[in-house]
Amino acid sequence: MNNNQYFFEYLQNSPPIIELVWFMIGVSLLSILILIIYLKYLRTHLRSNEKIRETYQMKYELHLITYLYSGNEEETISPEQQTIIDELKKDLSDSFKRSIVVATLLKLKNEISGELDESIQKLYYQTGLINFSISKLRSRKWYVVAKGVRELTQFHIKEVHDEVITLINHPKNEVRKEMQLYLVNLFSFKGLDFLDVLQTPLSEWDQIQLLEVLQRFDDQQVFDIKPWLKSSNDSVVTFALKLADIYIQFQAKEDLIELLDHKSEKIRIELINVLGNLNIIEAKTILKNHFIERSQQEQIAFFKMMEKMPESDDESFLLEYIHHENFEIKLSALKILKMINSNTFNIQKHKGTEPDFVKIVEYLENN
Amino acid sequence: MEINTISIFLIIRYLFFVYAITTIGSYIVLAIISAVETVAYMKKNSFVNYKEILSSNIAPSISIIAPAYNESLNIIENVRSLLSNHYVNYDVIIVNDGSKDDSLEKLIVAYDLVKVEHLINQQIPTKPLREGIFKSTNPAFEKLIVVDKENGGKADALNTGLNISQNKYVACIDVDCLLLEEALQKMIKPFLESTDTKVIAAGGVIRIANSCIIRDGKLIDVNLPKKMLEKGQILEYIRAFLLGRMAWSRLNGLLVISGAFGMFDKKIAIEVGGYDTKTVGEDMEIIVRMRGFMEEQKEKYKVAYIPDPLCWTEAPDNYKIFISQRNRWTRGTIETLRKHRKIGFNPKYNSMGLLSYPYWLFFERLAPLIEVLGILYFAILVVLGQVRWDYTAAFIIMAYLFTVLFSIVAILSEELTYHQYKKKGIGYNLLKIAFLEPFAIHPFIVYSAVVGNIDYYFNKKKKWGEMTRKGMTNPETI
């Protein structure tokens with residue numbers, strides 16, 4: 001008591017700065033104490049949560065397997081199945097348990113197919129889990145909405161299409177991405193219709209994911225990419241170019257060539273690659289005629305394109321560039337020249353002394 | 001005269017006080033920003049399906065560039081680990097930087113390597129090749145390229161890799177680092193995700209693998225090492241990566257990404273001239289230069305940061321190597337800040353010039369020197385009998401408690417996010433380190449920094465220090 005009194009008197013007689021320091025010491029000490037207690041609680045909680053999760057997961061797995069194999073042939077719900085549905089329904093009010101049920105259902109869904117897969121789907125409806133997923137779409141929190149869309153995608157719930165499509169221009173990229181994946185996963189190429197009205201950019205990451213989903217479908221039906229090539233959204237044009245490349249959309253040739261004057265350099269470079277892959281010879285003449293006006297990256301892309309479709313007519317054009325200052329252009333020009341006319345190559349190879357030129361010639365002669 | 005002396009002493013005291021308060025304030029601000037950013041990152045990435053990118057052959061190609069110098073002891077296992085990444089489109093370029101041991105011979109035998117003709121576009125000048133370029137005849141190792149060149153240092157070896165890579169993105173890593181299987185797709189994500197800003201580089205969290213169990217290039221079990229020095233570094237890394245860099249990433253002010261693992265847009269890395277071979281802090285220097293370049297081009301850009309623990313590395317387990325490493329880090333920081341001094345306080349370079357650079361200068365570069373000056377000043381006051389010991393005690397306690405508090409916040413942040421140290425008892429151990437670290441590690445860091453300064457100004461010949469590794473596959477460390 002005397003010590004305390006002495007300390008308070010000491011503080012009162014100290015300058016404000018020292019009072020402040022002692023105040024900060026007090027705050028720090030208290031914070032450290034609280035954080036240590038919280039840390040202890042957190043670590044224990046995380047460990048026990050992991051154990052509880054494992055226990056519930058095992059319980060639900062057992063329930064679900066029993067459910068799957070206790071069905072009757074009349075396609076009605078057997079008493080055993082009904083008991084499981086009731087038990088699951090009871091647990092669903094707890095969000096922690098609900099998340100484990102969903103995870104277990106999805107895990108099983110990924111491991112099985114055919115009738116058993118349909119049974120899981122049915123269970124998703126019977127337990128009312130679908131309502132929880134749909135209600136997430138109306139949440140104010142973007143990550144809850146995204147999670148809801150993902151669940152609906154994973155359980156192939158097509159009937160909420162109209163509600164999901166309203167998220168097309170959602171301010172959060174993650175929500176838009178889930179919406180796009182929902183459409184493509186469930187409606188295949190038809191799902192790409194959202195590109196017609198998409199105003200926000202489609203990142204390369206999103207594009208790769210969509211293309212990966214599309215490649216999973218057996219039915220690689222022909223679709224019309226032309227409207228997307230004309231889109232005012234540059235990322236939609238880029239995506240359409242990728243589609244043209246992968247699905248060899250030769251019929252869009254005219255529209256592709258028109259894009260050679262697109263305002264975006266990135267699109268023009270991508271386009272030149274696609275034109276090369278599709279072997280659209282007509283583009284070569286156009287590009288040759290305006291070669292100098294193009295950026296260096298476009299010029300490099302054009303030479304790569306020419307490597308894919310070498311013609312003897314190219315010789316005079318190539319001769320202009322075998323001494324170009326850019327290494328890649330020089331390499332391509334010499335490579336194509338060697339391909340189309342080895343005699344000219346042999347004559348030209350002695351006409352350069354610049355180190356890169358000599359190095360390239362030497363390399364091409366040995367390979 | 002006496003009044004003047006007293007005034008000077010008072011001014012010095014207030015300057016120290018203001019510096020301390022600003023330091024504490026900046027740490028608090030960074031911790032808050034970091035917490036906000038971490039929560040946002042965790043929410044955002046809970047939806048990502050990395051498997052789709054992982055298996056996609058449309059995903060962009062990446063070159064992993066790993067320089068190796070006298071790594072014969074573990075080179076085979078280290079390369080195997082790099083080759084076991086699950087990403088589809090990537091190759092591994094091992095640059096044997098004039099090793100004097102049998103690294104190359106071992107690689108040739110283990111991976112069925114044969115010399116190949118390879119045309120190099122020498123965009124960045126480097127030391128010439130020694131034995132040449134090798135590729136494997138075994139299709140299982142088709143991703144592997146081994147380059148044998150004359151010794152030129154880490155930066156020169158990385159530049160050789162940049163010249164050889166045919167891919168759009170390069171991941172520069174230390175050959176002895178253990179990359180997690182999802183590391184490449186997580187690192188490439190910010191590059192592919194950004195639509196309105198050019199991502200020029202991305203850095204990840206480096207975790208300490210000492211005492212962890214690693215088998216066949218995979219992290220099996222995470223343990224806390226026994227030595228105080230190693231434990232202290234674990235806490236230091238958690239603090240730096242989860243609190244510091246996360247916040248700087250939010251402010252788009254990252255000036256460094258660890259040389260142990262970073263990914264770059266190759267075109268820009270080459271455009272700025274690659275790594276600087278004249279500095280020992282090449283990892284920081286290249287980022288500062290790339291950022292400076294983008295600012296000068298007036299292009300919207302970002303240096304991204306991934307808080308996931310993607311790369312595990314071996315930390316020094318004795319004070320001699322630890323001091324040598326920190327000495328090098330200090331010299332690297334001084335060299336970079338000096339070389340790019342035109343950026344500092346220059347509004348032309350936006351937040352980089354007005355925020356990141358001054359922060360690094362005052363709170364990283366000068367911090368240990370100011371600390372030592374403080375101690376010297378205190379010693380003078382003691383000699384002059386001008387010390388109020390009760391006030392001194394109060395200030396020391398406050399500084400100590402704040403350090404401990406900051407460390408505990410970092411531990412909590414780790415628990416709430418990645419929870420890597422799950423085993424019972426580790427929590428208590430980490431707390432113990434938080435209390436002991438200011439005495440057991442911090443003095444050595446200050447000492448290394450001071451010696452680093454002396455070496456920088458008076459021992460110009462000093463380059464990289466010694467870094468003897470036991471190897472993460474060595475039975476002693478597992």
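Predicted model: local features only at pLDDT ≥ 70, side-chain atom pairs only at ≥ 80, totals over all residues.
Visitor: Why is B:Ser211 called partly exposed?

Guide: Its relative accessible area is 26%. Buried would take a value under 20%, and exposed one over 50%.

Visitor: Where is B:Ser211 found?

Guide: Look in the loop between strand 8 (198-208) and strand 9 (213-215) of chain B.

Visitor: Over in chain A, what is the phi of A:Asn279?

Guide: It's near 60°, again a positive value in a residue other than glycine. You'll find A:Asn279 in the loop between helix 14 (265-277) and helix 15 (281-289) of chain A.

Visitor: How do you know whether A:Asn279 is buried, exposed or partly exposed?

Guide: Check its relative accessibility, which is 41%. That lies between the cut-offs of 20% and 50%, so A:Asn279 counts as partly exposed.

Visitor: What about A:Asn273: where is its place?

Guide: A:Asn273 sits in helix 14 of chain A. Its relative accessibility is 31%, so between those cut-offs it also counts as partly exposed.

Visitor: Which residues is A:Asn273 in contact with, leaving aside neighbours within four places in sequence?

Guide: A:Ala301 and A:Lys308. The cut-off for contact is heavy atoms within 4.5 Å. As for A:Tyr321, it is 48 residues from A:Asn273 in sequence and 20 Å away in space, C-alpha to C-alpha.

Visitor: Why are helix 2 and helix 5 of chain A called roughly perpendicular?

Guide: Helix 2 (residues 16-69) and helix 5 (residues 115-126) pack at an angle of about 115°, with their axes 10 Å apart. Roughly perpendicular covers 65 to 115 degrees, so the pair gets that name. The crossing of helix 2 past helix 5 is right-handed.

Visitor: Which residues meet there?

Guide: Helix 2 of chain A brings A:Leu64, A:Tyr67, A:Leu68 and A:Tyr69. Facing them in helix 5 of chain A are A:Leu116, A:Ser119, A:Ile120, A:Lys122, A:Leu123 and A:Gln126. By kind, the residues of this contact are seven nonpolar, two polar and one charged.

Visitor: What does UniProt list for residues 63-122 of chain B?

Guide: An unreviewed UniProt entry gives "domain: Glycosyltransferase 2-like" for residues 63-122, 142-199 and 244-403 of chain B. Over residues 63-122, chain B is 28% helix and 30% strand, with the end C-alpha atoms 17 Å apart.

Note on methods:
Residues numbered from 1 in each chain as written. Chains lettered and ligands numbered in written order. Heavy atoms only, no water. Axes fitted to C-alpha atoms, helices over the stretch in contact; angles between N-to-C directions. Helix = DSSP H or I, 4+ residues; strand = E, 2+ residues; numbered from the N terminus. Parallel < 35°, antiparallel > 145°, perpendicular 65-115°, else oblique. Left-handed = near helix turned anticlockwise from the far one by under 90°. Nonpolar A, V, L, I, M, F, W, Y, C, P; charged D, E, K, R; others polar. UniProt positions renumbered as here; feature names shortened; annotations may be inferred. Buried < 20%, exposed > 50% of the residue type's maximum accessible area, 1.4 Å probe, protein only.
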